[in-house]
Amino acid sequence: MIERKNDVGKVLVFGKNGQVGSQILYLLSAQGVCCQGADIEDIDLTDIDKIREFILSANSNWVINCAAHTAVDRAQSEEQLSHALNVAAPEAMANACAELGCGFIHYSTDYVFDGTSSKPYAEDDSVNPQSVYGKTKYAGERAVLSGLPSAIIFRTAWVYSKDGSNFVNTMLRLARERSEISVVDDQTGSPTLADDLARVTVNIIHKISTGDFEHQGGVFHVTGKGEITWFEFCKAIMRISNIDDVNIVPISTADYPTPAPRPGYSVLSNQKLTDVYAEEMPQWQDSLARCLSG
Ligand SMILES: NC(=O)c1ccc[n+]([C@@H]2O[C@H](COP(=O)([O-])OP(=O)(O)OC[C@H]3O[C@@H](n4cnc5c(N)ncnc54)[C@H](OP(=O)(O)O)[C@@H]3O)[C@@H](O)[C@H]2O)c1
């Protein structure tokens with residue numbers, strides 16, 4: 001049962017129809033928290049000049065930005081749009097939140113790293129984004145923190161949800177259409193269920209709002225626990241879904257060229273999240289089973 005809480009005041013969520021935004025709004029509403037969602041039909045975030053007015057008139061205690069240009073390959077040829085949504089819009093949001101004096105939460109990505117590490121990345125490890133998406137998301141982090149140092153930025157990875165457009169649903173669709181699926185086996189990361197990310201986000205705003213935890217801004221890594229390759233992840237999806245008539249074939253990144261380069265290893269250590277906010281993400285296998293059984 002979800003405990004009803006009202007200590008956070010009002011929350012404005014950009015990206016209300018996205019994987020993470022919709023889950024945050026679902027949780028907040030279930031808790032009885034006053035919340036407002038916004039998507040492109042409410043405000044087109046490429047219209048940067050309108051963002052300040054929108055935030056000031058919403059007059060919320062927290063703003064959570066789940067909107068972004070998330071199409072990693074398309075971003076390679078849509079640099080301007082990517083910059084508008086991933087840098088200029090969050091920068092304008094942070095500045096407006098600073099003016100209003102409200103809290104601001106924003107999301108970034110494991111793709112800020114080049115993937116050459118062999119151990120989980122910490123928040124202060126050197127970044128070296130290889131794609132337009134990674135570069136604009138990193139520039140967005142810098143812009144947000146320079147406008148509002150108390151902003152909280154959650155770097156996450158490999159996000160999926162029951163209904164969103166994501167790897168899990170793509171693999172399930174391909175399994176219905178084909179007898180064989182080739183999946184990259186030399187990229188390692190941590191699948192993250194949007195519901196879990198939403199729960200940690202909402203827990204943290206409650207913890208700060210009640211004064212139980214000191215508000216500490218900056219970058220925090222938040223991903224499902226454990227690590228796996230896309231190939232192994234696909235096999236787990238098939239196993240849990242009882243699909244045994246599709247051949248899953250491991251291939252290399254070189255065999256599956258994409259416009260945007262991906263990091264080979266982008267596992268993120270969540271230690272800081274636990275140390276500062278006493279939050280832990282579930283093991284990815286448990287989250288996947290929960291998602292596919294729901
Ligand atoms: N998905 C991943 O694997 C992943 C990995 C690492 C980090 N992240 C980060 O996590 C955050 C949430 O990701 P997600 O997977 O929830 O993203 P998502 O499902 O792609 O949702 C993005 C949202 O942004 C909205 N949006 C796009 N263009 C807009 C515009 N011009 N004006 C207003 N809204 C606009 C979309 O609206 P429409 O629905 O109308 O298009 C959608 O609601 C993002 O910051 C992302 O960079 C995601």
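Sorted by class, the shell around the ligand holds 13 nonpolar, nine polar and three charged residues. In this scheme Ala, Val, Leu, Ile, Met, Phe, Trp, Tyr, Cys and Pro are nonpolar, Asp, Glu, Lys and Arg are charged, and the others, Gly among them, are polar. The model is predicted: local features need pLDDT of at least 70, side-chain atom pairs count only at pLDDT 80 or more, and totals for chains, interfaces and linings use all residues. Residues are numbered from 1 along each chain as its sequence is written, and side-chain values use heavy atoms, with hydrogens and water left out.

The ligand is surrounded by 25 residues, where a residue is near a molecule or strand if one of its heavy atoms lies within 4 Å of it. The closest are Val20, Asp39, Thr70, Tyr133 and Lys137. Elements that each supply at least two residues of this shell are α1 (19-30), β4 (103-109) and α5 (132-147). Of the shell, β4 gives the largest share, three residues. Helices (H or I, at least four residues) and strands (E, at least two) are DSSP runs, numbered from the N terminus.

A polar backbone atom of Gly18 is 3.1 Å from an oxygen atom of the ligand. For Val20, a backbone N or O atom lies 2.9 Å from a ligand oxygen atom, and for Val159 a backbone N or O atom lies 2.9 Å from an oxygen atom of the ligand. On its own the ligand has 900 Å² of accessible area, and the protein covers 80% of this. Accessible areas come from the Shrake-Rupley method with a 1.4 Å probe; for residues, only the protein chains shown count as cover.

Next come the charged pairs. Side chains of opposite charge can pair when their charged atoms come close. How many salt bridges does a search of the whole structure find? The search finds 11, a salt bridge being a side-chain nitrogen of Lys or Arg within 4 Å of a carboxyl oxygen of Asp or Glu.

One of them joins Asp42 and Lys16, with the closest N and O atoms 3.0 Å apart. This pair links distant parts of the chain, 26 residues apart: Asp42 is in the loop between β2 (34-38) and α2 (49-58), and Lys16 is in the loop between β1 (10-14) and α1. Asp42 is partly exposed at 36% relative accessible area, and Lys16 is partly exposed at 22%. Buried means under 20% relative accessible area, exposed over 50%, and partly exposed in between (1.4 Å probe, protein chains only). Lys16, Glu41 and Asp42 are linked in a network of salt bridges.

Glu78 pairs with Arg74 in a salt bridge whose closest N and O atoms are 3.3 Å apart; Glu78 is partly exposed, with a relative accessible area of 24%. In the salt bridge between Asp196 and Arg290, the closest N and O atoms are 3.1 Å apart. Asp196 belongs to helix α7 (residues 194-209) and Arg290 to helix α10 (residues 284-293), so this pair ties together parts that are 94 residues apart in sequence. Asp196 counts as buried at 7% relative accessibility, whereas Arg290 is partly exposed at 40% relative accessible area.

Helix α7 also contains His206, which is buried with a relative accessible area of 4%. The side chains of His206 and Gln31 are joined by a polar contact of 2.7 Å. A polar contact is a pair of N or O atoms within 3.5 Å; within protein, one must be able to donate a hydrogen and the other to accept it, and residues adjacent in sequence count only if both atoms are side-chain atoms.

The strands can be followed from β3 (residues 62-65). Trp62 and Ile64 point one way from β3, Val63 and Asn65 the other way, and all are buried. Four bridges join β3 to β1, and these strands run parallel; Val13 has Ile64 in β3 as its bridge partner. Four bridges also join β3 to β4, again in parallel, and the bridge partner of Asn65 in β4 is His106. Two strands pair if DSSP finds at least two bridges between them.

Two loop residues complete the tour. Val246, in the loop between α8 (230-240) and β12 (247-251), is buried at 11% relative accessible area. Val246 and Ser179 are 67 residues apart in sequence and 4.7 Å apart in space, C-alpha to C-alpha. Arg262 lies in the loop between β12 and α9 (271-277) and is partly exposed at 25% relative accessible area. Arg262 and Tyr111 are 151 residues apart along the chain, with their C-alpha atoms separated by 7.0 Å.
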